[in-house]
Structure formats: C-alpha cells, structure tokens
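Have the sequence and the 3D view ready as you read.

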Amino acid sequence: MSKRILMIAGLLMIVALTLAACGGAEPTPTPAPPEPTEAPAEATPTPEPPTPEPPTPTPVPPTPTPIPPTPTPVPRTGAWVDSLVFTVQEDADLAVSQLEGGDIDIYAYTVSDPELFKKVKENADLAYAESFGSYTELTFNPVGPEYGEGELNPFSSAKIREAVNWLIDRNYVVEEIYGGLAIPKFLPITSAFPDYARYVDKVRELEAKYAYDLDKAKAIIEEEMAAMGAEMVDGKWTYNGNPVTIKFVIRTEDERQEIGDYVSNQLEAVGFTVDRMYKNRTEASALWIRTDPAEGQWTMYTGGWITTAIDRDQGGNFSFFYTPRGIPVPLWQAYQPSEDFDQVSLRLENNDFATMEERGELFRQAMELALQDSVRVWINDQLAFSPYRADVSVTADLAGGIAGAQVYPYTVRRTNEEGGQVKIAQPGLLVEPWNPIAGSNWIYDTMPQRATGEFAVIADPFTGLSWPNRIEKAELVVKTGLPVAKTLDWIDLTFEDEIIVPDDAWVDWDAENQTFITAAEKFTETVTANTKSVVYYPEGMFDTVTWQDGSPLSLGDFIMGMILTFDRGKEASPIFDEAVVPDLESFLSHFKGVRIVSTDPLIIETYDDQYALDAENSISSWWPYYDQGQAPWHTLAVAYKAEENKELAFSSDKADALEVEWMSFIGGPSLEVLKKYLDEAAGEGFVPYAATLGEFVSADEAAARYENLSKFYDEFEHFWVNTGPFILKAAYPVEGSLELVRNEAYPDSANKWARFAEPKIAEAAVDGPGRVKIGEEAVFEIMVTYQDEAYPATEISEVKYLVFDAEGNLAASGSAELVEDGKYQVVLSSDVTGNLPAGSNRIEVAVSPLVVSIPSFADMEFVSVP
C-alpha cells in the first residue's frame, strides 16, 4: 500500500521536533538483529499498592468511525496466491534493483536509506509501505567487574553504562547515518506509539537531561574506571597491566555497521581499546545470545528490534528489556536491576495500578530508572519503508511493516488476480532453529512462520486492537474502577465490585502427578481477581478447522497448551528448563485460574489480575499458538520425548547446558531424532501427561494423529504442522530459501481481512502570535487534518499541548479545547505567560487519533517580551 508524499512531510516534521527537543548539538568531532518480535514477559509477585482513594472508572472512548466493514465472502478460501517463495537479499540497493527487474515482488525489510526511498517513490512500477516499529540500541554485557580470564568489564558499572547516553550524539547518527529517516531514542518506548505521547512531558525532560555531552561522559567514566582499579596509561585505560578492551560485536547488514564504527570512535576518544568484531546476524547471535556473558567473549552489541504490531501499552517493555523475565537466554539471566526498578517494572508489566494517574507515576519512575540502569542504551527509532512491486497488493502494519503484519498472509496477492506466486526477499532467513516453544524469534523467521499458522485474534495493523479470527465473541468483566475501556463491538465489557475465582478453576500444575491443581485445593480462602475473560469459540470449530496433516483440531490441543504454560518451569517435570522459571513465577503472580465452561462450543473462562488498558487486548484465548509458533499436541508429544531423553532441547539455554542440539522442527540433525520418537510414540499410542491430557484425547485420536503426522513427514520431511493459510513445502538452509504453498483446506474466505484501507494518520499545525507580552493572555490555534480535510473530532482521543520556556523547562501543559472538527485552541493565561522569562519559547502539540495509534506532533516558537 503506497503512502502519500504528504505523510512523509509530516514524518520529517516529527524528526525536526524531536531533534529540537534533544538539543542542537554539533556533530561529534571524533573521527567518524535478531530483530525479535516482542513477547511480553509476565511479572513476579509484588507488594500490594497503598489503598488509593476510590477511583473513577475511565470513560469508554467513542467508537472510531467508520469501523472497517466485513467484506462479502468470495468462493476462494485461504490465501489469494498459490505459493510464497522467500529468499535472502542483504543489500537493500540490490533488492530494489531486483524489484525493478521483476526478480522479486516484495522486499520485506524496514529500509531507512533516504536516497533509496527517493528512487522508489520516483518509479511508477514500485510501491512502498511505511512503518514506525523498528529501532536500534547498544546492548551491554553486564557481568563483572571481571569476566573471562580476569579481564575488566567497564559495563558492569551502571554509572558507566549510563554515561554512554552522554557519549553518543544521537542527532549525529540520525542526520549523518540515517539521512533524517530516524528519530533520536532514549527510552524503551516507541516515539510513534501512544505511551510516548501520553508521557511526552517526562520524555522531553529526560531527552534534555541525557542530551549529548562528551565532557560529562568522560568525567563519569574516568571516576568510575579509577574506582574499579583501572589506570590511564598513555591515553589508554589499562587493568592489571593490560589494555581494557571493548569486544564490540557490530552487525554488518545495515546502518548498524556505521553506528558501530561511530560508537567505537567515541569509546576510543575516552581511552578504551575497541576490538571491532564485524559479524552478520548468525555470527553475532552465536555470541551475544548463545554464550554465557561471564565467559567474556563479547562486551557490547549493536542491537536491532522490531515491534511487529502497534503496542498500545508499552509498560511491559521495562520488564522485557531490563530483567531476567525477558527471554530465557544467558544474557537476560545476568540482568540485576535495582530493587526499585524491578518492582516498578513488575507493576507495569502486571498493570498493578488502580488508575491511569497511578500508572503515570509508575511509568515516569520506570523511565528514569531505565536510564540509570542502561543495560541498553537506545539510539534511534527508524522511519522506515518496505518496497514492493506496484502490481502486488499487501497490507502492512504501521509498526512492523509488511514483515510484521499479522494480516499479510491473507492479503498478499497480485492485484485483482487469484493464484500465482509472490516472491519475497529479506536480509535473512532460517537464522535459528524453528520450534514453537522456544525456537527462533528473529523477524526473518517469524514472517514465514506466521503465514503457516494463525491466531485466535489478529492485531489491527493501524490501531493494534485485536479483531476476532478464530473466536466468535468474548466477554470481559473487570473490577470496578480499573482503567479499562473498549472500542470494538465484538467484546462485551462490564464492571463488578468483586470477581470470585470458582473452586473448580485450574490455578496451578502438579508436575510430579501431572494433574492440575484447583482453587479449592490450593487456597484456604476465597480468591478474587481483577478480570474475568470469557472466550466463545464457534460451534462446529472442531469439524471445520484442521491441522495441515489432516488431523481435526481438538480440545486436546488447548489442554496441551495449558499444561505447557506451567510444566517446563516446574522442577519435577521431565522437561524442566531452569531458564523458564522466572517467566513461570511472574505468570503465577497474576494468574488466578482457568475453567472450561463448555467443550462444544468451546467456552473458556480465565481469571487474572493482569489486564490491558483495552478490553480487546485483555482476553485469554488459550489458542494453541506458543511463543514461537503454532503446534498440535501430537507434534509436541514427539518433541517431548526427544527432550525427556536429553537428545534435543526446546530452548537454546537448555541445549547449551545439555550440550545437545537446539531443537528444529524443519531441518538438520533434529529431524532424525524426532522421526525416531514419532515411530516410538505411534507404536505406544503415546499421550503425554496422560493423567490429564488422557481425559481429553482418546486412543483412537492418538493413533489417527500419529498416522497423519507420519504421512505428512513422508511428504514434506518436517514437523512444522499448523492450521494457517500456507503450508511449509520445503526449506533450504544452505541456499537461504523456503517455499510455502496454499493450504487448500483452510476454511475462511480469502477476502476475510480485506477490510483495511489507508491508515488515517493526522497532520497537525500550530499557529499563533510570534510575540507574547509577559503577563498577558495568548491564544494559539491547532489545525488537524487528513488529506487536507478536517479530522473529525469523534476520531480524536486527545490533543495535548506543552509549553517550554527559554531554558527548556516545561512551563505549562494540558489538553487543547475543541473549537470544531479539525480545529483546537490553547489559551495561555496571564498567569502562565507571567511566569515565562524573556526570550524564545516553544509550544508543542501531540495529536492522538482513535482510528490509528500513531500520534502526530507539531510545534512553533514564540518570543516572550516584557
């Protein structure tokens, strides 16, 4: 979906505003991913907050208009195209040349090259999708003070990590490396997402505090290095007579190589010796993800991330990026946030607050503490584009672009055609092993994986709100006063003073006896919850939805997912994984129970203290889609046997500990092992967790499933069995390619998700007096438009304003008053202007629409005079 030039102009305005807010530092005189999809971690127990005053329920926002209509079904089911072919192309320039020549149809990568963007816009045969969810950072190894063979790790010091924020001129990176197609980033929240606009006052304060200051960085580093026992000899830091060497893993495929060189120069300028370890994604991952950071094989890394759907609540990012709850790999397990930061992060992760005001206090604390901790130093948010041929249509996500859009498999097609093949190139493919429990989470692998699977709900590519895919409807009951609102009609939201967990709800798991523990068995007193989620699956679902090996979806697939939520984190489990324990502990801190109300139609109740701000994103579906892919119970049963016998392991952490293969469902040595256990399981009629799962899976179902899987393996030579619109036909790791073919048994109409048109991103402008007399009222007007038409007020959540004085201090803030559609007004009272010192001031506005979750910014300067 191509975008308009007008939209780009608006984005460049955002860049200018952010650069202004960050300070206009001169370019530094010193000589010049995985991109995992974010999987929010659960949170561990925290003390109850002080009892607040009785909160006022948050008003339900008006429904955005118009709601995209559901299209009339067409005869074709599943995908529009017959096949998708994925290949590797690391060079964006070459990818565009391939697009021009018709060798590929889509380059599914977020590109930030301004010259290449101009070239794509000028070619009538090409189109592009824009996205705002990619970002870069510096990841530090925090182990120390010594690591490896007694070497000093400077970044074991939080103060030195914090000082790197002042060491880096983010404006220089944005202008000189990205050519303006990026925004300086200081925090683990995205500048194009709602929380940035919601707390923009605090964000601006911290951006000013941590703006580029080489002298300050150098002074802090000198003090801390001396305290750690290092000495400066001939302009270089030494420790025990040896140079203090930063082993810097620098990615080579994109702008991060230039970023790595720039940061290396800065580090060398303050006395460090830098070993520039240039690596591609596979080589880098083997170091920063797979090794124990205590071994000291690396010191820092140029990280890159993509949030694949608009995140309307980024409170969980603090837990994900700064605590062991993020990912079960060695680096994350080495994180040691301060007690205050850990507790604040957990409360935000659990949404452990009673009002939005309380959330705001926690969020502001977390932002400050994140910068003090700085196990990651953020560099920039990218303003990226993904090019494709104009004779192809595909829906892109405003956060994740084409690669991250959950709806892309359903919408990609040759324009107005059925069938055919679409060729997609990415910078990487088959980067790490595929398994649904703890396999690859690289975006390059996630994109094709999502085409083979499907979710119970699908994220709206423009708002991030969930739409029902497999479920029919849902109900959410929330404790009175909690700040939850709804927008869409498919979910019913109600409030109750008390939500009691029923005695027969499953609340925990006994791994030794392989049975669920009920509320009555675990608790001696009545248990309550903040929310009760009820999902209704349609009648006949078990007859219409089938796994790609021909096995009908069954209740056993849901029960297996419930079991595995607990089992791997329990020490008594045959497949216990120590790295999963923090995640399970955090889950149990808020999870209160689950109950199957009906089996056909399937209705599931879930009780939980954790909730999202949007009702649509608060439901628990229990659909069998795991952290890294979809899977039926019987493929997982085969994998269970392989891990139980210590021949393979789901997670990289456990694979390293056991010195066995990291399990792959699609290739390599794993296949021979899995095939052996498939034959064994078929011979036994094996049902894992028989004491529980055996109640829902008959011997006949088990026999039929293993027979189906054997036939599937004979045909496709892998175990990647999903229910989505495409089947993995073949994967070629050496060649770096794979092919997906249309799943002809997929039951839904091909045009089911053809409801999304252009995203309605607002354009904002501020007008008012250039000179304001101190002590007199001043009026400013804000114009909000889309395609030169007034933006309807019913589609605007808020227009916020901030006033900064000549010294950059926040002088006033509030919400603008609506005058009419597309027009708002800010009146600065005589009291406000009376407190402004003489000089240049700035008023900034942030517009937050309802129909897209991308805020728009504008500002103007004015002079205050006596």
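Three strands form an open sheet in the order β8-β9-β10, with antiparallel pairing (strands are DSSP runs of E with at least two residues, helices are runs of H or I with at least four, and both are numbered from the N terminus; two strands pair if DSSP finds at least two bridges between them). At the edges lie β8 (231-233) and β10 (242-243), each pairing on one side only. Strand β9 (residues 236-239) is joined to β10 by two bridges. In one of these strands, β10, Pro243 is the bridge partner of Thr238.

## About the model

This is a predicted model, where local features need pLDDT of at least 70, side-chain atom pairs count only at pLDDT 80 or more, and totals for chains, interfaces and linings use all residues. Residues are numbered from 1 along each chain as its sequence is written, and side-chain values use heavy atoms, leaving out hydrogens and water.

## Helices α20 and α22

How far apart are the axes of α20 and α22? Helix α20 (residues 555-567) and helix α22 (residues 633-644) have axes 9 Å apart and pack at about 40° (axes are lines fitted to C-alpha atoms, for helices over the stretch in contact, and angles between N-to-C directions run from 0 to 180 degrees). The two are therefore oblique to each other (under 35 degrees is roughly parallel, over 145 roughly antiparallel, 65 to 115 roughly perpendicular, and the rest oblique).

Gly556, Asp557, Met560 and Leu564 of α20 meet Trp633, Leu636 and Ala637 of α22 (contact means heavy atoms within 4.5 Å).
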